[in-house]
Amino acid sequence: MERNSEHDKESVIATNIMADEGSNRFRATIRFLPQSLSQGGYTLGTMQLLPSFSSARQLGQSPRRAASASIGFFHCTRFKLAALLCVVPAFSGLKASLAAPAPIICIDPGHPSETSAGASANGLSENRLNWQVALTLQKRLKAMGIRTVMTKNRENQKVTNRQRAEIANRASAALFIRLHCDEGGGRGFAWYYPDRAGHKQGVTGPPRHVQVASREAAYILNETMTTVLRGSLRANPVKTDAATFVGGRQGGVLTGSIFSKVPTALLEMCFINQRNDARFIASKAGQEKMAQAIALGVQRFLRSRP
Ligand SMILES: [Zn+2]
């Protein structure tokens, strides 16, 4: 921090602006420094500034590129300070009304649910693998500045598929990602999305706009993962819920999709009964790579959104 050389005024205001990487928002912290203090001061409040705000323009940089900047100090009389204190809540209001909130991704580690405790093969538990990758993915997304919500707090917590969707809905998630492992005659990963509405427990869904966004998410994630996991896991074509066992039995839509009011896609990460797939997903390196591939796909999906 710098101090202005003129110390004859009653107080000093320091304003630091931090740009949120990947978003259009700035965080400004305003400090009040009494004249008698050479260091420190009191944080009066934090506000979000829009790129159009004049202080942001002073950075002379595009909002996305500005990593951090200080716009220095202002001398301030008691009167001006009082005026500023009135302005801060006004900007807080601006934040609520104009700045888009940071996106939330709902991570759903599949199982145990009302339908199944999960597959097991090659000494592996699908439920455990889903949980381990979910935790790794959560860390990756957080590191990218993306907020997350999990559909369960413990590996063996039972959550119904309806409840999982409702957790994503309550969070207004930008995407509800469902992690599973398959078993059977195939190999590699595959994404599934709802392409129609289904009916269950008196509810019809998902709505059309959710189906469209879910499809976009599935294709973007599949494309990104195909690139990142090339040489590690086979990429399969994107499929619809109707191609799943449960979806096929209830009008072509998974339960979690019927209740989802946000874009949703389900990933079968691999076939755990297939030896090479099992070796990949059981290893720490494989789980890290899987989480990285999903996180990069999520980032691309979020950037594609209006
Ligand atoms: Zn599963």
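Analyst: Helices (H or I, at least four residues) and strands (E, at least two) are DSSP runs, numbered from the N terminus. This is a predicted model, in which local features need pLDDT of at least 70 and side-chain atom pairs count only at pLDDT 80 or more, while totals for chains, interfaces and linings use all residues. Residues are numbered from 1 along each chain as its sequence is written. By the DSSP runs, the chain has nine helices and 14 strands.

User: How do you know that helix 8 lies across strand 9 and strand 14, and at what angle does helix 8 run to strand 14?

Analyst: Contact is judged by C-beta atoms, placed from the backbone, that lie within 7 Å of each other, and angles, from 0 to 180 degrees, are taken between N-to-C directions of axes fitted to C-alpha atoms, for helices over the stretch in contact. Helix 8 (residues 275-282) lies across strand 9 and strand 14, and its direction is at about 115° to that of strand 14.

User: What makes strand 14 largely enclosed by the rest of the structure?

Analyst: A residue is buried if 20 or more other C-beta atoms lie within 10 Å of its own, exposed if 12 or fewer, and partly exposed in between, with C-beta atoms placed from the backbone. In strand 14 (residues 264-271), eight of the eight residues are buried, so the strand is largely enclosed by the rest of the structure. In the chain of 306 residues, buried residues make up 37%.

User: How do you know that strand 14 pairs with strand 9 in the parallel sense, and with strand 10 in the antiparallel sense?

Analyst: Two strands pair if DSSP finds at least two bridges between them. Strand 9 (residues 175-182) and strand 14 have six bridges in the parallel sense, with His 180 standing opposite Glu 268. Strand 10 (residues 190-193) and strand 14 have three bridges in the antiparallel sense, where Tyr 192 is partnered by Leu 266 and Trp 191 by Leu 267.

User: Why do strand 8 and strand 13 stand at the edges?

Analyst: The six strands form an open sheet with mixed pairing, in the order 8-5-9-14-10-13. Strand 8 (147-150) and strand 13 (239-240) each have a single partner strand, so one side of each is left without a neighbour in the sheet. Helix 4 (residues 161-170) packs on this sheet, where it touches strand 5 (104-109), strand 8 and strand 9, and its direction makes about 165° with that of strand 5.

User: Why are helix 3 and helix 9 called oblique to each other?

Analyst: Angles under 35 degrees count as roughly parallel, over 145 as roughly antiparallel, 65 to 115 as roughly perpendicular and the rest as oblique. Helix 3 (residues 126-143) and helix 9 (residues 284-304) pack at about 50°, with their axes 9 Å apart, and the two helices are therefore oblique.

User: What makes the pair of helix 5 and helix 9 oblique?

Analyst: Helix 5 (residues 208-228) packs on helix 9 at an angle of about 135°, with the axes 8 Å apart, and helix 5 and helix 9 are therefore oblique to each other. Among the residues making this contact are Ile 220 and Leu 221 of helix 5 and Ile 294 and Phe 301 of helix 9.

Definitions and conventions
Contact = placed C-beta atoms within 7 Å.
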